[in-house]
Amino acid sequence: MKCPKCGSKEIVAEKSEYKCAQCGKKVLTLGAECAKAAVSVRFTFRNMFGRSFILLAERSGDTYRLTVDCPQKMPEEYVRKMTAGEWDKLMDKLFCKAFLHEWENGPQPLAENSWDITVNFELDGKNDVLTRCGNSDFPPYWKEFMSAVRPLFKEAGLKF
Ligand SMILES: [Zn+2]
């Protein structure tokens with residue numbers, strides 16, 4: 001495991017929590033809980049040519065749906081159903097491998113070469129939302145995040 005803030009691999013266990021020895025960030029281990037509570041994940045990446053690459057994964061009851069879009073390149077959105085297994089695997093990658101809930105926010109995104117992520121959670125009737133954004137100074141777990149979403153963009157014929 002590495003620190004979601006500075007990327008350091010010096011994570012030390014302190015009583016019941018984990019802490020980065022370099023920057024002092026407390027590292028929570030709520031990945032599995034977040035994965036279970038997530039009802040939608042929206043990711044937008046804006047490249048240097050002003051194109052927006054959008055991915056939306058959402059669930060409603062037992063229905064799971066994937067939408068991929070790039071308005072500047074695609075005549076219409078790519079939409080398909082996801083299986084429960086696919087959904088679980090994606091959420092596991094986002095929260096247990098990429099630790100999305102642990103990311104720090106970067107500066108306000110620019111119009112080009114920037115990204116943002118919004119996750120909606122629902123657990124026991126309570127709603128919560130997580131937003132993360134940044135520019136090309138990607139967070140330490142960016143690679144893990146991209147390896148989860150890149151195949152879905154590729155499936156829709158998009159590469160960036
Ligand atoms: Zn750190």
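Here's a short walk around the sheet in this predicted model.

Before you click: residues are numbered from 1 along each chain as its sequence is written. Since the model is predicted, local features need pLDDT of at least 70 and side-chain atom pairs count only at pLDDT 80 or more, while totals for chains, interfaces and linings use all residues.

Start by showing the strands (DSSP runs of E, at least two residues, numbered from the N terminus). You'll find 3 of them in an open, antiparallel sheet, ordered E1-E2-E3. Strands E1 (11–14) and E3 (26–27) are the edges, each pairing on one side only. Pairing here calls for at least two bridges found by DSSP between two strands.

Next, select E1 and E2, which are joined antiparallel by 4 bridges. Pick Ile11 and look across to Cys20 in E2, which stands opposite. Now go to the hairpin these strands make: 2 residues sit between them, and Lys15 has a positive phi near 50°.

Then move on to E2 (residues 17–20) and E3, antiparallel again, with 2 bridges. Click Tyr18 and you'll see Val27 of E3 opposite. This hairpin has 5 residues between its strands, and Gly24 in the turn shows a positive phi of about 85°.
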